[in-house]
Amino acid sequence: MSAVAGRFTETAMRQTLLRIASQLGADASEATLLRLTNNAVFALPSANLVVRITRSHRLHARVHKVAALGVWFATVDAPTIRLAEQFSQPVQDGQLLATVWELVPATEPKPDASDLGAALRTFHHLGLPPFELPAWDPIGDARTRIADAEALDGADREFLLEWCDRLEPRLAAFIASAEVGLVHADAHEGNLLRQPDGRVVLCDFDATCRGPWQVDLVPAPANEARFGRTGGHQNLARAYGYDITTDPDWPLLREARELKMIAAGAPLLASAPGVHAEFRLRLDSVRNNDGQTRWTAFGDLPPLTAQ
């Protein structure tokens with residue numbers, strides 16, 4: 001079942017939040033929904049907390065990983081948000097798990113690509129935590145999403161699976177020769193927050209893994225190429241000290257990113273009708289080797305954000 005299916009609606013997630021807040025002894029009367037995608041993320045202003053509820057009954061290992069990372073981040077002073085240490089985590093409500101974090105008040109100026117480059121540079125120098133992390137596996141992730149896509153047309157499914165088969169050995173060769181370390185794996189400006197003291201920190205560690213550091217520098221230029229946004233990549237490259245588009249493996253990494261950006265929409269076809277047209281546009285542009293057509297982020301499509 002996709003993360004946005006009916007039993008994980010906003011109404012259902014708010015009921016879960018109320019029960020979790022009761023466990024924590026926290027006031028949820030002014031709860032504010034911050035995000036409703038793979039997680040339902042709520043701010044509890046009066047308690048200075050943020051609660052992230054995973055909209056799935058199957059991803060318990062991922063939530064436990066995120067909780068363990070939160071504990072470790074505090075010990076190494078990582079440029080990340082902080083887990084609320086006063087609670088045993090993750091918190092459970094029935095089959096759903098949640099993590100609870102310290103609230104970071106909205107602080108100007110809004111973090112930008114330069115902030116992302118600086119934060120990633122520090123993040124990558126932390127090394128690996130003293131516990132096992134999953135390996136970066138874009139092909140495995142794509143295949144899982146394709147398998148979960150009940151409404152995916154047969155010809156489209158075949159095309160995507162053949163693409164996975166072609167890309168897999170090339171990525172395996174790259175990974176085998178790469179320096180492996182801590183990878184955020186969803187590094188973009190939307191996953192940055194500025195603290196009141198001015199420090200910019202990363203959030204959202206669902207995808208965090210061990211893998212080649214180059215992975216975190218790919219979204220900015222890949223997104224600019226497909227979404228038409230400009231400026232961010234150069235600022236990130238200057239702040240980080242490396243321009244991924246000059247890397248010999250850039251074409252391969254960009255292709256892996258584009259596979260992810262298309263496969264991510266496949267499980268949403270059954271529950272978010274507005275995704276259909278965008279999914280078709282993305283797939284056809286790759287099929288036709290069309291680099292000019294501009295894409296729209298799935299999260300910016302009204303039917304998806306209205307879930």
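The residues lining the second largest cavity divide into four nonpolar, no polar and two charged. In this classification Ala, Val, Leu, Ile, Met, Phe, Trp, Tyr, Cys and Pro count as nonpolar, Asp, Glu, Lys and Arg as charged, and the others, Gly among them, as polar. The lining itself is made of Pro138, Asp141, Ala142, Ala256, Leu259 and Lys260. The volume of the second largest cavity is about 30 Å³.

The model described here is predicted, so that local features need pLDDT of at least 70 and side-chain atom pairs count only at pLDDT 80 or more, while totals for chains, interfaces and linings use all residues. Residues are numbered from 1 along each chain as its sequence is written, and side-chain values use heavy atoms, with hydrogens and water left out.

Rolling a probe the size of a water molecule over the atoms shows where empty space is left. On a 1 Å grid over the protein atoms alone, a cavity is a set of points where a 1.4 Å probe fits but cannot get out; a pocket is an open set with protein on both sides within 12 Å along at least five of seven lines; and lining residues have an atom within 4 Å of a point. Grid points are joined across faces, edges and corners, and a volume is the space filled by probe spheres set on the points. By this rule there are two cavities of 30 Å³ or more.

The largest cavity holds about 40 Å³ of space. Around it stand Asn39, Arg52, Thr54, Arg62, Val63, Val66, Thr99 and Asp206. Both β3 (49-54) and α2 (60-75) supply at least two residues of this lining, and the largest share, three residues, comes from α2. By class, the lining of the largest cavity has two nonpolar, three polar and three charged residues.

The second largest pocket contains about 190 Å³ of space. Its lining consists of Trp163, Arg226, Arg254, Glu255, Glu258, Val286, Asn289, Asp290 and Gly291. Helix α8 (residues 250-263) provides the largest share of that lining, with three residues. Two of the pocket's lining residues are nonpolar, two are polar and five are charged.

The aromatic side chains come next. Across the whole structure there are eight aromatic pairs. Because the rings of Trp213 and Tyr240 have their centres 6.0 Å apart and their planes at 15°, this pair is stacked. Rings of Phe, Tyr and Trp (its six-membered ring) pair if their centres lie within 6.5 Å, and planes under 30 degrees apart count as stacked, over 60 as edge-to-face and the rest as tilted. Trp213 lies in the loop between β9 (209-212) and α6 (219-227) and Tyr240 in helix α7 (residues 232-240), so the pair ties together parts that are 27 residues apart in sequence. Trp213, at 22% relative accessibility, counts as partly exposed, whereas Tyr240, at 6%, counts as buried. Here buried means under 20% relative accessible area, exposed over 50%, and partly exposed in between (1.4 Å probe, protein chains only).

Tyr240 also has the charged end of Arg121 over its ring, 6.0 Å from the centre. A charge sits over a ring if NZ of Lys or CZ of Arg is within 6 Å of the ring centre and within 35 degrees of the ring normal. Arg287 likewise lies over the face of Phe159, at 4.7 Å from the ring centre. Elsewhere, Trp72, Phe73, Trp101, Phe123 and Phe205 form one aromatic cluster.

Gln195 is placed in the loop between β7 (192-194) and β8 (200-202) and, at 17% relative accessibility, counts as buried. Apart from neighbours within four places in sequence, Gln195 is in contact (heavy atoms within 4.5 Å) with Val104, Thr107 and Val201. Pro105 belongs to the loop between β5 (96-102) and α3 (113-124) and is partly exposed at 41% relative accessibility. Residues up to four places away aside, Pro105 touches Arg194 and Pro196.

The loop between β5 and α3 also holds Pro109, which a cis peptide bond joins to Glu108, with omega about 0°. Another cis bond, again with omega about 0°, joins Gln89 and Pro90.

Terms used:
Helices (H or I, at least four residues) and strands (E, at least two) are DSSP runs, numbered from the N terminus.
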